[in-house]
Amino acid sequence: MATLPAGTLMARAAAGLARRCALLLADRGGVYGGRVLLLVGSGDNGGDALFAGAHLARRGAAVEALLLSPGQAHADGRAALRAAGGRTVDDLPARADLVLDGIVGIGGSGGLREPAARLVQRLGNLRGRDGGRATVVAVDVPSGVAVDTGHVPHDTAGRPGALRADVTVAFGALKPALVVGDAAAYAGQVELVDIGLGPWLRGTPVLHVTEFSDVVDDWPRLGPRSEKYTRGVVGVATGSATYPGAAVLSVAGALAGPTGLVRYAGTAAAEVLHRHPSVIATGRVADAGRVQAWVCGSGLGTGAEAAAELRTVLAAPVPVVLDADALTMLVDGSMADRLRDRDAPIVVTPHDREYARLCGEEPGADRVGAALRLAAWMNAVVLLKGDRTVIGTPAGRAYVNPTGTPVLATGGTGDVLAGLLGSLLAAGLPAERAAALAAYLHGLAGREAARHGPVTAPDVAAALRPVLAGLG
Ligand SMILES: NC(=O)C1=CN([C@@H]2O[C@H](COP(=O)(O)OP(=O)(O)OC[C@H]3O[C@@H](n4cnc5c(N)ncnc54)[C@H](O)[C@@H]3O)[C@@H](O)[C@H]2O)[C@@H](O)CC1
C-alpha cells in the first residue's frame with residue numbers, strides 16, 4: 001500500500017460505489033434530479049459515502065448528507081461534496097430515492113449507537129420520486145453488524161442494532177458478515193468492487209465462499225478409462241426397518257454423485273432395492289465388501305445393533321460421513337477410541353441441535369468459530385447445517401455455502417446431502433472439498449426443485465440430476 005498515494009483506495013471505492021448508485025437511480029427515474037441521502041459517520045466509511053455523493057451530485061442528483069458526528073466527518077469528503085453542490089442536513093429529509101449508509105464500516109463495533117439507531121428505524125418511511133420506499137445501499141457492510149462473525153446485535157428492547165440494506169457495495173473483499181450469520185440477510189444483494197487490493201492480499205482468507213467455478217473445477221469427470229470401481233464405490237449404512245426412507249434418500253443422494261457403484265448395508269435393503277435396483281445391498285456393514293467411503297447414521301437408530309454397525313464403519317480405513325443417529329451415538333464418548341485411532345478423514349454433518357449435543361453448547365452467533373472449534377476438537381471436518389451452511393476443518397480453514405435456501409428445511413434433505421457427500425469422498429475428493437461441493441450442489445438442487453412447487457426430500461434428490469447436468 002505504501003506505493004499508493006493517500007486516498008487512492010477511497011477514491012476507487014467511492015467511484016465504484018457511485019457507479020452502482022447511478023444504476024439504481026436510473027431504475028428510479030434517472031440520476032439527474034434524483035434525491036440522495038448520505039448517512040455519514042465519523043470514519044472512512046463515511047468518507048466513501050461523501051465522495052460517492054460528490055460524484056452523484058456532479059451528475060445532477062440532489063445530494064444531502066446527514067452527519068452523525070459533524071465534528072469528525074471526513075473533512076476532504078465534506079469538501080468534495082460541498083464543491084459538487086451537495087449540502088448537509090440536520091434530520092431525515094422529506095424525500096429520498098436512495099440512502100447511502102456510511103455510518104460505520106469495518107471499523108464499527110457493538111451495534112448502532114444513538115442517534116444512528118433511532119434514525120435507521122425511520123428509514124422505512126422515506127419515499128422516493130416514484131412513491132416507492134427509498135433504496136438503501138450499505139457502504140462496504142451494513143452498519144452495526146459484527147463484521148467478522150455475521151452476528152446482528154439487538155438492544156435491550158429486542159430491536160436489531162443494525163441497518164437493513166437492499167444492496168451492499170463491498171470493497172476489495174467479501175467480509176464474513178456479508179455471507180454468514182444473520183447479517184447476511186441485512187446485506188441484501190452483495191456486490192464487490194475491485195479496488196486493486198490484489199497484490200496486497202497475502203496469506204489465506206479466513207473464509208472461502210464456495211463458487212460455481214470451484215464446483216466445475218473439482219467435480220470428478222468421466223474419462224475413456226472410467227469403470228465402475230475406478231470411479232469409486234460408496235457404502236451407505238443408514239435407515240432401518242423403522243426408518244427405511246432415510247436409507248432410500250441417502251442412497252438417492254449417493255447415486256447422484258460421481259461414484260460408479262453404491263453398496264447399501266442395513267435392514268432397509270428391500271426398500272432400497274425396490275427404489276434403486278442398481279444398488280448392491282446386504283444386511284450388515286461387515287458383509288458389504290470393499291468401499292472407498294462410508295455414509296453412516298440417519299435413521300439407523302441408537303441401539304446396540306446400530307452401535308455395532310457404527311463401530312464397524314469406523315474401523316474401515318476409508319473416509320466416513322457421520323450424520324444424525326451416528327452423531328447421537330458419539331455423544332456419550334463410548335466411540336472415542338474408534339475416532340481417535342482413525343487415520344482416514346471423518347466428516348460430521350450436524351444441525352444446530354446435534355451440534356449442541358456434541359459440544360454441550362449452541363453454535364451461537366459466530367457459526368464459523370463454532371464449526372472450527374468442533375472440527376479441532378473432533379479432528380473432523382464439520383459441516384454445520386444452516387441457511388448458510390458453514391464448513392470448518394481441523395486445520396482452521398472455513399467455507400461458507402452461498403446456495404442455501406429455506407426450502408431445504410424439510411425432513412430427509414439431510415439424508416440426500418450425506419449420500420452425495422459420501423459419493424464425492426469415495427470418488428477421491430479431499431474431505432473439505434467434498435463437503436463444500438456437496439453443500440453447494442444440494443443448495444442448487446433445493447432451488448431447482450422449488451421452481452416446480454413445494455419441495456420434499458425426494459424432489460431434492462431428483463433435482464440433483466439437472467443441476468449436475470449444468471456443470472458441463
Ligand atoms: N481499509 C481500506 O483499505 C479501505 C477502507 N475503506 C473504507 O473505510 C472503512 C473503514 O474505515 P474506518 O477504519 O475509519 O472505520 P469506520 O468508518 O468503519 O468506523 C470507525 C469510526 O466509527 C466509530 N464507531 C465504531 N463503532 C461504532 C458504532 N457502533 N456506532 C457508531 N460509531 C462507531 C469509531 O469511533 C470510529 O470513529 C471501510 O469499511 C471502507 O468503507 C475504503 O475507503 C477503501 C479502502
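Predicted model: local features only at pLDDT ≥ 70, side-chain atom pairs only at ≥ 80, totals over all residues.
In which kind of crossing, left-handed or right-handed, does α14 pass α15?

Residues are numbered from 1 along each chain as its sequence is written.

Start with the overall layout. The protein is divided into domain 1 (8-202) and domain 2 (212-469). These bounds come from an automatic or database domain assignment. The C-alpha centres of the two domains lie 41 Å apart. Domain 1 puts seven residues into the contact, and domain 2 puts in nine. Here, contact means that C-beta atoms, placed from the backbone, lie within 7 Å. Ala, Val, Leu, Ile, Met, Phe, Trp, Tyr, Cys and Pro count as nonpolar, Asp, Glu, Lys and Arg as charged, and the others, Gly among them, as polar.

Now find the ligand. Of the 25 residues around the ligand, Gly43, Asp44, Asn45, Gly105 and Gly107 come nearest. A residue is near if its C-beta atom, placed from the backbone, lies within 6 Å. Helices α1 (8-26) and α2 (44-58) each supply at least two residues of this shell. The top contributor is α2, with four residues. Helices are DSSP runs (H or I, at least four residues), numbered from the N terminus. By class, the shell has ten nonpolar, eleven polar and four charged residues.

Next, move to the helices. Two packed helices are described by the angle between their axes and the distance between the axes. Axes are lines fitted to C-alpha atoms, for helices over the stretch in contact, and angles run from 0 to 180 degrees between N-to-C directions.

Helix α14 (residues 413-426) and helix α15 (residues 431-450) have axes that come within 9 Å and cross at roughly 140°. That makes α14 oblique to α15. Angles under 35 degrees count as roughly parallel, over 145 as roughly antiparallel, 65 to 115 as roughly perpendicular and the rest as oblique. As for the opening question, the crossing is right-handed. In a right-handed crossing the near helix is turned clockwise from the far one by less than a right angle, and in a left-handed one anticlockwise.

How values were computed:
Contact = placed C-beta atoms within 7 Å.
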